[in-house]
Amino acid sequence: MPLLHVTDMSHNFGGLQAVSEYNLSLDPGQITGLIGPNGAGKTTIFNLITGLYRPTKGSVRFDGEELVGKKLNETAAMGLARTFQEMKLWRHMTVLEHIKMARYSKLSYGLMGAFLGTPKRRREERKVTELAMEYLKMFAVDQVADQLVVNLPYGDQRRVEMARALVIEPKVLLLDEPTVGMTPDEMMAMIEVIRKAHERFNLAIFLIEHRLQVVRELCQHVQALVFGQVLVEGKSDEVQNHPKVIEAYIGEQEVEF
Amino acid sequence: MDEATAPKKIGGLFYRLDQFFKPVPLLGYLLGVLVCVLWEQMAGEQLSAFLGLPKMPVLFGLLTIFKVVAGVINLLIKGDAFNWATLVHVPTALVYLTVIYLIPISLVARASVKPANALARYLQGFPLIITALVQLGLMYAVLHIWADMSDYRLITLKLTLIAVLFTLSLNIINGYMGEFSCSHPGFMAIGAYMSSLFTVGLFTSDKVLGDAVFTFSAAYLSFPLALIFGGMMAALGALIVAIPSFKTRGDYLAIISLAFLFIVKSFFENMQVLGGSRGIAGQPDWATLPVIFITMAFGIWTINNFVTSTMGKALNAVRDDETAAEAMTVNTRKTKMVAFLFGAFWAGVAGGMLAHVLRYVNPAMFSVQKLAEVLAMVYFGGLNSVYGSIVGAVSISLLGEALRPLEILKWIVIPLLLILVMIYRPTGLIAFKEFDVRQVFGPKEVD
Amino acid sequence: MTFTFLMQNLINALQWGSFYALIAMGYSMVYSILMLFNFAHGDIFMVGAYIGLGVSLGLLSLFGTGAAAILPGWVLLVLTILISMFLTAFVGIIVERVGYRPLREAPRASAAITGLMIGIMLETGNILFLGGQRFKFPQLHQFIAHTKWGMAMRAMAYDYVVVPLVGVPMNTIAAMTFAIGSALAAAAGILFGLAYPVLDPYMGVSFGWKAFVAAILGGRGSIMGACLAGFMLGFIEIMTVPAIQIMNRLFSLNIGSNLRDLIAYSIVLVILVFRPHGLFGQAYSSKLRL
């Protein structure tokens, strides 16, 4: 039984069909890629799966549970972490605070603990800090733990974002264009980071990418999306060389390194 | 050439001053101020008589100075008679300020660096609560001695401490959470009325609320209950604003809360049971300085605890990017509700204390002007910062008092100052600075 | 409880609403262009009314009153309105220059604070220069058709704002917006002075904030919405009094008619709960951000 199972999911924005009859099944430990030209609805699919939008019809099952109707924070707490194309970091918060924040749903000291600073809260906060530092070390950003995240170089920001999503301890990680705007070197480093995270946490990863090289390096399985519909699905190189996909990409400014 | 070097010189002076006072811990300053107030108690009267000041300056000589300034302005504008001899009060008040406050505090603070740091380090060995209590006790002693010297000082100090709590409670919402709430005076009103209802209704005989229900001598012990009751009711009122406001995103709260402020004011104006527009008077004199000081300190402590916890940091996450906060498992609606109600609670407590300091409460106290005042304090001091709220509330309160001789002109000077602050530091003087209690009370390590 | 009584109230409501509408449109205009609330707008309304007072007194002394009048009342009124609108427009431009332009890049909440502070300074300035007395507005012209005037003014404003300002620098647009909004507020001030001929420095606070609520009720940045909501708020405020009287008579209750504000704002609150974006506003997700 697949870990994440989407069946016949459709969505329209005020009459405009953004996603239609979308299907996905993602097994534990599998990396699936989602490619397609701009405006194909890739990010919308992420938003629908994670509960930021509610699909007009269809079902999303995760670990045997129905996700439709659940909110973004609930799906995240269940183990469905995501990143954003534009990163969405918090500009007034430090790196360490970013990582700690993702443990929000696992905090158990309650409101009174927060107000009164009970020993339980202190213990728990200390534990969360330790855990966060571990993750920061893993992503080689522990040296800048106390810096505001907006002051970091771009590549580090991306890594912080990745660490932030992973500290949720998700079973599925949804990555929305993790290498957008990166130089080739940065991109290669990011591929390594993703690969390492995948091995270490035995994650299932669902990845939106614009760069076919990243998809080729990482994904066993690829879907090509055009106008909200899956055009081709299959092995990475099969999909990329499929005439329909090539056709859809024509006219797109593809940045291929 | 001269112009180019002049600012540098000033910078150098500030730098040197900064270096000079850098190793002084809070304890050192407290000792310094303690010496000051004791010294003023001993020699203040004699010194002011010697300097030819009309009476002992109550507000660091600032009031005296601005009285002279106001005299000059009235002479220039209206041609009022001005006693030129009073002009000498400006330098003498400055001398007073220097001799009584500045010199002793600098000397003692600097001279006590070693013992104060040693003591602070020694105290650090104990649990944080002990360190904090010792230093807060010292702080209270200083304020008590200072305020003991005149009734004016006492009431000014009480109102300032209340303003600190009130400002900080609004900072939770406008600063930490990044929403724009306009209903805070309304919450204060609810707190003031409800705690008055509690004390006046139960323990005193009053024209509006009838005879006392209970009469026993230790009734003042119930004052904390009255404050909590006031705060709870304010939080309940906040629920009316919070439920519709946090359903959607956007600057929706600003509007709903404004309408709520008008509703609350109008409600109390029309409740004849609560005295209508005349309000309730004759509150028992229970809001003494220690009570207010303890309540304020406790309030600051809980608020600071909240905003430094991961749960409270969620407010910042919601402010900076709500979608990201949600994607990181934060329950944004709950976070916002909790913070809003928590802020309203402390605003209500502040209102309860205000009613019992002034010993009256009426709807006119909680108007849009009050809103402008508290917003001024929050934004002047700095958003997202406990320091900022303390600085904002204290400086606007003190400025308001010191500029009192200028009468109506005060309301030109203070807004102008605030506009300048907004232009040059749009988030306020000390924004986004974390208030680390351990660091504040601890020793200063300088190599 | 006669028909004429109701009609009288209805006319009052229209008139009262037209003031709200004119001021609310000023709020909305600034919001639609600059995405911020001009919290000094209520006080600009006050300044406008006082400028109107000064202008009308000046014109009356120039052209004479009563039997000695050289010009008919309505000409004086038109002149007063036009001159005051022109002068108040400059007040608006100055407010924008001093309080808002330096904060164009700053968080919007900070600009809200400077607006509030400028409002306080305008009130204080009034008290300083005029001693805080109340003034009686001269009866320039007996006219009932305040509403018609208001309508004309609104149509004009609408045209101005709808005129696309393509290629005009932002600073000019901002200044223009403030100028037009302030001119409208001046017109509202004069009409207000004619209808309720006592001016005081805090009229902007009491009246302006309500107009602000109307602007919101209409939907942020929707000028037509602000206008309609202004009328609606005026209607609610005026009509609650007879409504309470009727209720009292019907059910022999004893509700005070000074519950007006309470009821009006409660209705506003309820509307906003069910229509979060106002009556004519579109969904948006902007915030008075840091």
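Predicted model: local features only at pLDDT ≥ 70, side-chain atom pairs only at ≥ 80, totals over all residues.
**Entry 1. Chain contacts**

I began with the question of which chains touch. Two pairs of chains are in contact, and of these, chains B and C share the most contacts. Chains A and C do not touch. I noted 10 Å as the separation of their nearest C-alpha atoms.

**Entry 2. Chain B against chain C**

I looked up how many residues each side puts into this contact. Chain B gives 37 residues and chain C gives 40 residues. I then listed the elements of chain B that supply two or more residues to the side touching chain C: helix H10 (252-270), helix H15 (368-381) and helix H17 (410-424). Which of them gives the largest share? I found that H10(B) does, with twelve residues. Sorted by class, the side of chain B that touches chain C holds 27 nonpolar, seven polar and three charged residues.

**Entry 3. Chain A against chain B**

I turned to the other pair. Here 31 residues come from chain A and 25 residues from chain B.

**Entry 4. Four-stranded sheet of chain A**

I traced an open sheet of four strands in chain A, ordered E2-E1-E4-E5, and its pairing is antiparallel. At the edges I found strand E2 (16-26) and strand E5 (65-66) of chain A, each of which pairs on one side only.

I followed strand E1 (residues 4-13) of chain A to its partners. Seven bridges join E1(A) to E2(A) in the antiparallel sense. Two of the positions I checked were Leu4(A), which stands opposite Leu26(A) in E2(A), and His11(A), whose bridge partner in E2(A) is Val19(A). The hairpin of E1(A) and E2(A) has two residues between the strands, and Gly14(A) takes a positive phi near 50° there.

On the pairing with E4(A), I counted five bridges from E1(A), again with the strands running antiparallel. Ser10(A) has Lys57(A) of E4(A) as its bridge partner.

I also looked for a helix on this sheet. Helix H1 (residues 42-50) of chain A lies across E1, E2 and strand E4 (57-62) of chain A. H1(A) runs at about 65° to E2(A).

**Entry 5. Six-stranded sheet of chain A**

I then traced an open sheet of six strands in chain A, in the order E6-E7-E8-E3-E9-E10, with mixed pairing. Strand E6 (80-82) and strand E10 (229-235) of chain A are at the edges and have a single partner strand each, so one side of each lacks a neighbour in the sheet. The twist from one strand to the next averages 15°.

I took one pair from this sheet for a closer look. Strand E3 (residues 31-35) and strand E8 (residues 204-208) of chain A pair in the parallel sense over four bridges. For Leu34(A), I noted Ile208(A) as the bridge partner in E8(A). H1(A) packs on this sheet, touching E3, E6, strand E7 (172-176), E8 and strand E9 (221-226) of chain A. The direction of H1(A) makes about 150° with that of E7(A).

**Entry 6. Chain C**

I read off nine helices and two strands in chain C. From the N terminus on, its elements run α-α-α-α-β-α-α-β-α-α-α. Of the 290 residues in chain C, 50% are buried. I also looked up contacts in chain C between residues at least 6 apart in sequence, and 83% of them join residues at least 24 apart.

**Entry 7. H2 and H6 of chain C**

I asked at what angle helix H2 (residues 41-63) and helix H6 (residues 170-195) of chain C cross. The axes cross at roughly 60° and come within 7 Å. That angle makes H2(C) oblique to H6(C). The crossing is right-handed.

For the contact I listed residues from both helices. On H2(C) they include His41(C), Ile44(C), Phe45(C), Gly48(C), Ala49(C) and Gly52(C). On H6(C) they include Gly181(C), Ser182(C), Ala185(C), Gly189(C), Phe192(C) and Gly193(C).

Notes:
Residues numbered from 1 in each chain as written. Chains lettered and ligands numbered in written order. Axes fitted to C-alpha atoms, helices over the stretch in contact; angles between N-to-C directions. Parallel < 35°, antiparallel > 145°, perpendicular 65-115°, else oblique. Left-handed = near helix turned anticlockwise from the far one by under 90°. Contact = placed C-beta atoms within 7 Å. Buried ≥ 20, exposed ≤ 12 C-beta atoms within 10 Å, placed from the backbone. Pairing = 2+ DSSP bridges. Nonpolar A, V, L, I, M, F, W, Y, C, P; charged D, E, K, R; others polar.
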